[in-house]
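The exercises below are to be worked with the sequence and the coordinates open side by side.

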Amino acid sequence: MITVKQMIDHIYDEKFLVNSEWSERKVKELQEVYTTNNIASAGMSYLDHYIKDPDQPFVDPEAGIGNLLCMIHILKVKNGVDFETSLKSLYGVEINPESVEICKSRLLVGQEKYRHIVDNNIREADSLKYNYRWDDADPYLSNQDIHNQNIFEIE
Ligand SMILES: C[S@@+](CC[C@H](N)C(=O)[O-])C[C@H]1O[C@@H](n2cnc3c(N)ncnc32)[C@H](O)[C@@H]1O
């Protein structure tokens, strides 16, 4: 069983922290600035019910490398929610493919047997256009279009 300490050690790998070489490169290349851990933790007081309810889903529409999602993940497990249940409740949309992969890897904490969960829940997409269906349908088709398509296929 994975411990909270193992989660923290894996997630807060210093290469992803603000001021790291990696973070400085992201600022220069893409003007991307990530949420610092103290900002993410300050926001946690507003998210109490997400942390205490094991099944309460949480979506970050600009997930980045998953600072907010990872923090919720750690707090859920710390509150007694099992790792898999916590992972299943966390969703993210992120436009940058490199960040998507880092976000997935941080949430997984090396537990590759749960890769299918993060592959489903953490999507590379434009969150302003994504349909938030979390399935195999075209991510940018509206629910109405998908519904119409399904009706057409049945007939
Ligand atoms: C401040 S950072 C992410 C912070 C993140 N919530 C966290 O906890 O680390 C903002 C992120 O939004 C992403 N982003 C910007 N526009 C986006 C869009 N239209 N759709 C999805 N992601 C977007 C950027 O690539 C960047 O990773």
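**Exercise 1.** At 1.5 Å a residue, what should the twelve residues of H7 span, and how far apart are its end C-alpha atoms?

*Solution.* The model is a predicted one, in which local features need pLDDT of at least 70 and side-chain atom pairs count only at pLDDT 80 or more, while totals for chains, interfaces and linings use all residues. Residues are numbered from 1 along each chain as its sequence is written. Helices (H or I, at least four residues) and strands (E, at least two) are DSSP runs, numbered from the N terminus. The expected span of a helix is 1.5 Å times one less than its number of residues, so H7 should span 16 Å, and the 17 Å between its end C-alpha atoms agrees with this. The helix H5, also of twelve residues, should likewise span 16 Å, and its end C-alpha atoms are 16 Å apart, which agrees.

**Exercise 2.** Which residues of H5 are buried, and which of H7?

*Solution.* A residue is buried if 20 or more other C-beta atoms lie within 10 Å of its own, exposed if 12 or fewer, and partly exposed in between, with C-beta atoms placed from the backbone. In H5 the buried residues are Asn67, Leu68, Leu69, Cys70, Met71, Ile72, His73, Ile74, Lys76 and Val77. Because ten of its twelve residues are buried, H5 is largely enclosed by the rest of the structure. In H7 the buried residues are Ser99, Val100, Cys103, Lys104, Arg106, Leu107 and Leu108, and they pack against H1, H5, H6, S2, H8 and S3. For the chain of 155 residues, 25% count as buried.

**Exercise 3.** Are H5 and H7 roughly parallel or roughly antiparallel, and which is the case for H1 and H5?

*Solution.* Two packed helices are described by the angle between their axes and the distance between the axes. Axes are lines fitted to C-alpha atoms, for helices over the stretch in contact, and angles run from 0 to 180 degrees between N-to-C directions. Angles under 35 degrees count as roughly parallel, over 145 as roughly antiparallel, 65 to 115 as roughly perpendicular and the rest as oblique.

The axes of H5 and H7 come within 10 Å and cross at roughly 10°, which means that H5 is roughly parallel to H7. Leu69, Cys70 and His73 of H5 make the contact (C-beta atoms, placed from the backbone, within 7 Å) with Cys103, Arg106 and Leu107 of H7.

The axes of H1 and H5 also come within 10 Å, but cross at roughly 170°, and H1 and H5 are therefore roughly antiparallel. Here Val4, Met7, Ile8 and Ile11 in H1 meet Cys70, Ile74, Val77 and Lys78 in H5.

**Exercise 4.** Where is Val109 found, and is Val109 buried or exposed?

*Solution.* Val109 follows H7 and is found in the loop between H7 and H8. Its phi is near 50°, a positive value in a residue other than glycine. With 22 other C-beta atoms within 10 Å, Val109 is buried. Tyr132, in the loop between S3 and H9, has a positive phi of about 55° although it is not a glycine; its 13 C-beta neighbours inside 10 Å make Tyr132 partly exposed.

Methods. Two residues are in contact if their C-beta atoms, placed from the backbone, lie within 7 Å.
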